[in-house]
Amino acid sequence: MKVSYFPGCTLKTKAKDLDMYAHKCAEALGVSLEEIDNWQCCGGVFNTARNEVANKLSSVRALKFAKSKEQPLVSVCSACHNVLKQTNHAMQTDSAFASKVNLYMAEETNYDGSTEVYHYLEMLRDLVGFDAIKEKVVNPLKGKRIAAYYGCLLLRPNSVMQMDDPENPQIFEDLIRALGAEPVIYAMRNECCGGYVTMENPEFASKKSKAITDNASSFGADMIVTACPLCKYNLEKNGNSIPVVYFTELLAEALGVKEDAQNA
Amino acid sequence: MQVNEYKPLIVAFCCNWCSYAGADLAGNNRLNYPADVKIIRVPCSCRVNPMFILRAFQRGADGVIICGCHPGDCHYTSGNYYTRRRMALLFSMLDYLGIERERTRLEWVSAAEGAKFAATMNDFAEKVAALGENKRLEDLRCKK
Amino acid sequence: MHKDNTKLTEEIIRASGVNPKKCMKCGKCSATCPAYDEMEYHPHQFVYMVESGDIEPLMNSKSLYMCLSCFACIDRCPRGVEPAKLVEAVRLSVIRQQGKNHMTADDVPAKLSEDLPQQAIVSAFRKYTK
Amino acid sequence: MQRIGVFVCWCGSNIAGTVDVHAVAEALKNEPGVVFSTDYQYMCSQAGQDIIKNAVKEHNLTGIVVCSCSPRMHEATFRKTAAAAGLNPYMVEIANIREQCSWVHKNMQTGTEKAIILGKAAVAKVNLNTPLTPGESPVTKRALVIGGGIAGIQTALDIADAGFPVDIVEAKPTIGGKMAQLDKTFPTLDCAACILTPKMVDVAQNENIRIFSYSEVQEIKGFVGNFDVTIKKKARFVKEEICTGCGACVEKCPMKKIPNEFNLGMDNRRAIYIPFAQAVPKVATIDPNACNMLKNGKCGVCSKVCTAGAIDYTQKDEIISEKYGAVVVATGFNPISMDKFDEFAYNQSKDVITSLEFERLTNAAGPTAGKLLRPSDLEHPHTIVFVQCVGSRCAACAEKGKEYCSKICCMYTAKHAMLVRDKYPDTEVYVFYIDVRTPGKNFDEFYRRAVEEYGVKYIKGMVGKVTPEGNKLKVQASDLIANKQLHIDADLVVLAAAIEPDKSARSLATMLTASMDTNDFFTEAHPKLRPVESPTAGVFLSGACQGPKDIPETVSQASAAASKVIGLLCKDKLTGNPCIASANELMCNGCSTCANVCPYGAITYEDKEFMMPDRTKALRRVAQVNPAVCQGCGACTVACMSGAMDLRGFMGSQIIAEVDAICK
C-alpha cells in the first residue's frame, strides 16, 4: 500500500525521531510513505476565518499532490493533520473559499477536496488494522501502563476531524492494547496542553501541562504517549517528569524495529 | 387612482379550518378588500391540485392565491407542508412559463388573522393589478 | 450604547461564519475554556459582545492572543455557536491593520528555548502576525 | 340534470344593505340546472326553512344553493332542512355572500356582481353533487393500554371505572414504570411508592383490568373501533397463576451477580427475580440469559424450593389475539445515554451518576437502603454538584443530545438538592443551571425554598469538564454572574440527563400508523385543542410518549385520554364523515403514493380481480380507503398521479366547475 506522506516542519528538525519511527513502522507494516515533493509548512494552526486564503494554500498543494497520485494523504504530527483536514473540509464545503483558492493556485485542474486525509493513527486503524498490527508485534509491551494523550488537535472540531468520539476517544487506547500494554484512561487526555501560547506565556502553559500529567499519574500511568511534538514539549518541560514518548516510538519498539531505526 | 377600469380577477383557495375562517373574521370585522377576490373553500390547502390553478389561469384569472393554516397548525397535521412543497415547484414552473411570481402566492392565515387576510388580499390584488391582464395561459376558446 | 459598529460586526460574523444569536447564554464555553483565567473577556462574553456590536473592547484586549484554538468551546457548545471562530475573526481584524502585529521576528530569540519545536514558532506567527 | 333551487337570504340588511338580493335571485335563475330561485329576509328562520322545504316538494328539487352567511355558520342548519324535506343533506351548497361579500364591500354594484358570481360557483358545484351517506362501523367495547407506568395505570383505572374492560401490556415483569423507581415527588415531597403502589394494587384487583406483564405488542391491524391486536406474552418460566410471590426461589438462586435493572445496575439481582417488593403482578421471572438451568440444563434449585410448583422451565412465549375499540399509547420515556457527554466523565467514574440513579441512591428500597453514599467507596459525599440540561436544549448535535427542554429536570434537581441539604446539612450542594424553569402550581415556591431555606447554591453557568483525580471529582465550571471560572472538588456529580421517548415507541407508531415528530414523540391531533388524541382515529396518547411531562401533568393527561376512550367506547356505532377520499379502481395503478402522504394511514391496498380489455381476468393492486379512518383532507387526491383518487364533497370536477364559474 502506498500513501502520500506529509511530514511537516518539526518532524524534519526537533522531532526527527517521530518521523524516523513512523517510516520504520510503516515499512514493517507494509505501507510505503511517499513524501510529497517540495512540501511546505502547514502553518501550525488552522485559521478558521473563511476569508483567510493565502496561508491555507500550502495545505491545498499537499492535498492536490496526493490527489494527483490518487493516494490518501497521511501525516503524523497532530497539528499538520488538523490543518490539512480542516483545509480539505473547507474545500469541500465552502464553495466561495474553494473558488478563491483555485483562482490563486492558477493550475489547470481545480481541487475539490476529494483527497482522503488520514492521521497516521487512523491509517493504522482503518488501512492497516489493529488486528494486523497485533499479529506483527514481536515485543509486546507487557505490564506497561500507558496514558494516551490526545490533546485537542486530533479530535476537534469533531464535525470536521471525525476521528473518534471527542469526549471518549478509543483509537489510541486500542493501539496501546494491540501493542500488548494496558491503556490508562484519564479525563484530561483531551484537554489542551497550552499549545503555542507557551511562547507568549510559559507560566500559563506549564499550569495546563502540569494538570494533565498529574491527572495521568493519579490513574497510575507509567508513561504518556502523544502524536504531537508541541504537546510532547509542553508535557515534558512543564509536567511532573512522567516520561512522554511518541506513539511511533512505542510502535517501533513493539514491532521490534526500534534499534533498527536508531541505527539507521 | 387607476385611470382605466381594469379589475383583476383573483381566485383564492382557502382551507376550511384556518384561512376560510380568517376570511369570515375579516368579514365580521368589516375589513375591506377588493371584490375581485373570489374565495373557493377546500378542506385543506393540500386539496388544491396544481391543475386547479392552471385551470384558473387558462380561464382568464389574473392571480391565484392559496391560503392555509400556519405550518404546524394544520388541522390534518401535515397537509400544508405538502402544499408548501407542491406550490414551490408549481410557482417556479409558472414563473418559467412567464406567469410572473407576483401572480401566485401561498400565504398562511389563521382563523384569528382576519386583519392579515384582508391585508394580504389588498396587497395581492394591488400587485396583480399592477401587472395588468394575464394573457399568457389564457385559452381564448374559453372566452365568452 | 456604544458607537455604531454595524459594518465591523457584520464583517466579523461573515468571516467567522458564526451566528452569535444562536447563543442561549449557558456559559459552557467559558466553563470549558482552558485559557479562561488568562482572558479579560471570556468566551461567552465574546459571543455576547459581538452579538451586541461591542467590538472595540475586544479588539484592544489581550484575550485575543490567549485563545489556544483548542476548539473545546466549539465542540462542547450545545447550540453550535463556535466561539473560538469569533475570537479568530476579531484577532484577524486587528492584526490585519498596519503595524498591529502582536509579535515580531525580533521578539522571537528571547522566547526561544533549546528544544522548543518549530511548530510553536510557526503557530505563534500564524496567530499573532499578518 | 339536477333540479336546483336557489335561496338568497337578506340577513335583514346585513346582506341586502350591500347586495341587491332580488337581482342575485333573478340572475341565478338562468344558470344551468336552476328551476327555482327566490329571496327572503331570514332564510335560517323557521319561515325561511319552510320556504326551502316547500320549494323542494313543489319543484321536485334535487339540489339546493343557499346564498347567505358563512357555511361555518349555517351549513348544518340547511343540511337538516334539506333532510327534513327528504333530500340528501349533502346536496346543499352555501354561497357565502355575507362574510365574504356584503360585509367586506361597500358598493352595491360590486357587491351584487360578486354575490352573483359566488352564487354561480355554488350552482356549478351543486350540479355535480352526489348524495353522500356517512359510513357506519361497530365498536368493540374494550380498550388496550400500552405501557404500565403511572400514565397507563391511570388511564386503565379510569376506563375500567366507567365499566369497560381494559388490557394493559407492559414490557417489564411488573407495572409501575419510572414512578416506581422514584424516591420522593415534587413539590409536595410525598414518597412515590406511597402514592403509586395503592394504585398498582387497584389495577391488580380491578375486575375490568387484565395485566399482560413481560409482554409486548406484536401486531396491530384494523382501525378505530375495530383494532385486531397480537400480543406476545414472553415466557417468564414461572406459572403466573400459581406463583405466590413468596421469594423463596429468589433467595436460593445461586446466580447472584446479575446487574439489577430496577436499581439501574447499581446492585445485583438473581437470575430469578421479583423487581421490587410491591411489584404487580408479584410473581417471579427467570432471566433466560442468566439462568444456568435454561442455558445449560444444570441447576433447578428454584424448582426444588418452590412449594407451589410454579416453576416451569419449558414455558414458551404465548401469543394472544384480542380485539379492541381503542388503543392508548403510554410508552413513557428514558434518560438518554451519557456516552456522548464524557466531558462529565460519566463513563470514567462511578461517582458521576444520572438523576434517576440518584433517585435510587436516596430511595429506602435502593441499593444503599436510602443512605446517601457515593457508589465508588460507599462514603458519604460532602460536596455534590448537580448539572442541569445535560443533553437537553442541545441544538448543535442531533446525534448527541435533544433540542427540546426535558421539562422535569429543574424541579427534580431542586428536590434532590433540597432533600440532601435537609438530611445531611453538612453537605455542600451546587446546582449549575442555564435557566431555572418552574412553571407549575407551587413549583417556583419550591425551588426558592431550596435556595432560601435549605441553602442550595444555585449558580448560573454550566460545567465544562469533570476530571476524576484521586477520590475527588474536579469540576471546572463557569459562574456567569460572578464572571468567574470555578474549580470545585466534588465527591459526587449528578447529571440531569435529557429524557427521550422509549425506544419501543417508533415501531409501535409504525404499527398504529400514528405520526411522530422528529424526536419520536407521538404527535397529537391538535397541539392545543386535541392534545390527547393521535391524528389516527382511535389512538390516544397518555403521558411522556407525547412529550416530556411530570407526574401531575401525566396523570391529568392520562385521565383525559381515558375520558376520550370512554366517549368512543360508549358508542354502539361510529358514524363517519362522508366527505372522504375514494379511489377509482379502474384508474388506480397501485403505486402507493397516496398511502405515503396519508397522515392517518387510511389507505391500504388490495389485490382485486379485474376484467381486462382482452376479456382475460387479471389481479391488480388497487388502493382502498378506509372510511372510518379517512378524515377527508385530500392530500392523496393531489398526490395521485393517475387521477384515480378523488375526494367526495370536494371532487376535482366540482372545484374546477367553481373555478370556471368564477373565471367566466
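Which residues does V328(D) touch, not counting residues up to four places away in sequence? In this predicted model, the contacts of V328(D) counted in that way are A143(D), L144(D), V145(D), I146(D), T155(D), F540(D), S542(D), A561(D) and V565(D). V328(D) belongs to the largest nonpolar core, which holds 268 residues. Together with F344(D) and V493(D), V328(D) touches the most other members of that core.

Chain C is divided into two parts, with domain 1 spanning residues 6-97 and domain 2 spanning residues 103-130. The centres of domain 1 of chain C and domain 2 of chain C, taken over C-alpha atoms, are separated by 24 Å.

Between chain C and chain A, the contact involves 32 residues of chain C and 37 residues of chain A. On the chain C side, two or more residues are given by each of α1 (6-16), α5 (72-76), α6 (83-95) and α8 (118-128). Of these, α8(C) supplies the largest share, 9 residues. By class, the side of chain C that touches chain A consists of 18 nonpolar, 6 polar and 8 charged residues.

Chain D also contacts chain A, with 13 residues from chain D and 8 residues from chain A taking part. The side of chain D that touches chain A has 4 nonpolar, 4 polar and 5 charged residues.

Note on methods. Residues are numbered from 1 along each chain as its sequence is written. Chains are lettered from A and ligands numbered from 1 in the order in which they are written. This is a predicted model: local features need pLDDT of at least 70, side-chain atom pairs count only at pLDDT 80 or more; totals for chains, interfaces and linings use all residues. A nonpolar core is a set of buried Ala, Val, Leu, Ile, Met, Phe, Trp, Tyr and Cys residues joined through C-beta atoms within 7 Å. A residue is buried if 20 or more other C-beta atoms lie within 10 Å of its own, exposed if 12 or fewer, and partly exposed in between; C-beta atoms are placed from the backbone. Two residues are in contact if their C-beta atoms, placed from the backbone, lie within 7 Å. Domain bounds come from an automatic or database domain assignment. Helices (H or I, at least four residues) and strands (E, at least two) are DSSP runs, numbered from the N terminus. Ala, Val, Leu, Ile, Met, Phe, Trp, Tyr, Cys and Pro count as nonpolar, Asp, Glu, Lys and Arg as charged, and the others, Gly among them, as polar.
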